[in-house]
Amino acid sequence: MEAVAVSDVGLALANIVLLTILFVVGIAIARLRSLFAIVMLSGVYSLVSATWFVLLDAVDVAFTEAAVGAGLSTALLLGGMLLTARTAKAEKPFSRLAPFLVVVVVGAILIYASVDLPALGDPDSPVNTGVGKEYLERHYGDMGFPNVVTSILASYRGFDTLGETAVVFTAGLAVALLLGFGERSLAESIRKGGRK
Amino acid sequence: MNLLLASATVALLLGIVLLLIRALMGPTLYDRVLAVNSFGTKTVLLLGLLGFAMGRPDFLDIALLYALINFVSTIAILKFFRYRSFQVSLSRRAPAPKEGS
């Protein structure tokens with residue numbers, strides 16, 4: 001019992017440290033003007049938040065966050081920076097105040113909503129009493145995969161996942177066309193190299 | 001044993017905080033690049049340690065994925081600085097000034 005309490009305290013401390021780092025990085029991203037530093041710090045932000053997801057036992061979310069947030073979006077943001085300026089313009093005081101108010105209000109609403117959430121691992125929560133239980137009981141006989149998440153995503157909701165994949169593919173294609181990773185960007189760099 | 005893991009985790013977190021200070025205040029961009037790069041390494045180590053501290057060594061797989069992804073973004077950053085374009089193969093040598101200008 002004693003050992004469990006000690007490890008719980010350690011876990012809570014690790015959570016607090018990681019969330020503090022996230023907070024500091026978020027504030028810094030909002031205050032910095034150099035776009036490159038912002039891209040770097042957003043990479044840090046997603047690495048830390050992915051670590052935090054692992055601590056919360058949401059391993060699949062952490063995988064996605066690490067792959068998309070830390071890996072791909074750094075490259076995408078740098079590709080976007082190739083097409084724009086290096087520093088952001090300073091904002092007027094009012095245009096800084098309005099987003100701040102929105103953030104405070106949304107945060108207050110979220111904290112208010114989180115009061116009604118069931119406790120972690122509560123056996124009476126809707127997750128554990130509704131269809132989730134039936135999935136847990138039936139999925140292996142229906143599909144034969146040992147992993148529940150895989151059998152729900154890839155089989156019970158197969159068409160849904162197919163649609164999502166199409167949407168993500170379309171979005172990726174649109175981003176690639178806009179950033180011009182292909183011939184346009186190559187022609188651009190050759191032209192620039194020739195001019196120098 | 002457990003104390004060892006805990007103290008290692010605390011030391012790593014301290015290192016992460018120091019790196020964060022460098023990434024936030026870093027006078028030049030290269031300080032920031034270096035800080036972010038070693039931040040990724042520290043995260044990999046932290047994940048491995050946390051996996052053992054929480055009794056779930058399978059977190060090592062995620063740590064491995066982080067290491068791979070960190071490499072992708074490092075390559076992207078270096079290409080950005082060197083070529084200002086991603087459409088350059090890694091094996092290409094540095095463009096030599098041929099035209100004698």
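Start by showing chain A and chain B together: about 3200 Å² is buried between them, 83% of it on carbon and sulfur atoms. Buried area here is the accessible area, taken with a 1.4 Å probe, that two parts lose on being put together, summed over both. This is a predicted model, in which local features need pLDDT of at least 70 and side-chain atom pairs count only at pLDDT 80 or more, while totals for chains, interfaces and linings use all residues. Residues are numbered from 1 along each chain as its sequence is written, chains are lettered from A and ligands numbered from 1 in the order in which they are written, and side-chain values use heavy atoms, with hydrogens and water left out.

Next, select the side of chain A that touches chain B. Helix 1 (2-31), helix 2 (35-55), helix 3 (59-83) and helix 9 (183-195) of chain A each give two or more residues to that side. Helices are DSSP runs (H or I, at least four residues), numbered from the N terminus. Color helix 3 of chain A, which gives the most, with 13 residues. By class, this side of chain A has 30 nonpolar, 8 polar and 2 charged residues. Ala, Val, Leu, Ile, Met, Phe, Trp, Tyr, Cys and Pro count as nonpolar, Asp, Glu, Lys and Arg as charged, and the others, Gly among them, as polar.

Now look for salt bridges (a side-chain nitrogen of Lys or Arg within 4 Å of a carboxyl oxygen of Asp or Glu). Between chain A and chain B the count is 0, and over all chains it is 2. To see one of them, select A:Glu134 and A:Arg138, whose closest N and O atoms are 3.2 Å apart. These residues lie 4 apart in helix 6 (residues 131-142) of chain A, so about one helical turn separates A:Glu134 from A:Arg138.

Finish in chain B with helix 2 (residues 29-53) and helix 3 (residues 59-83), which pack at an angle of about 170 degrees with axes 8 Å apart. Axes are lines fitted to C-alpha atoms, for helices over the stretch in contact, and angles run from 0 to 180 degrees between N-to-C directions. Helix 2 and helix 3 of chain B are therefore roughly antiparallel (an angle over 145 degrees).

Definitions and conventions. Parallel < 35°, antiparallel > 145°, perpendicular 65-115°, else oblique.
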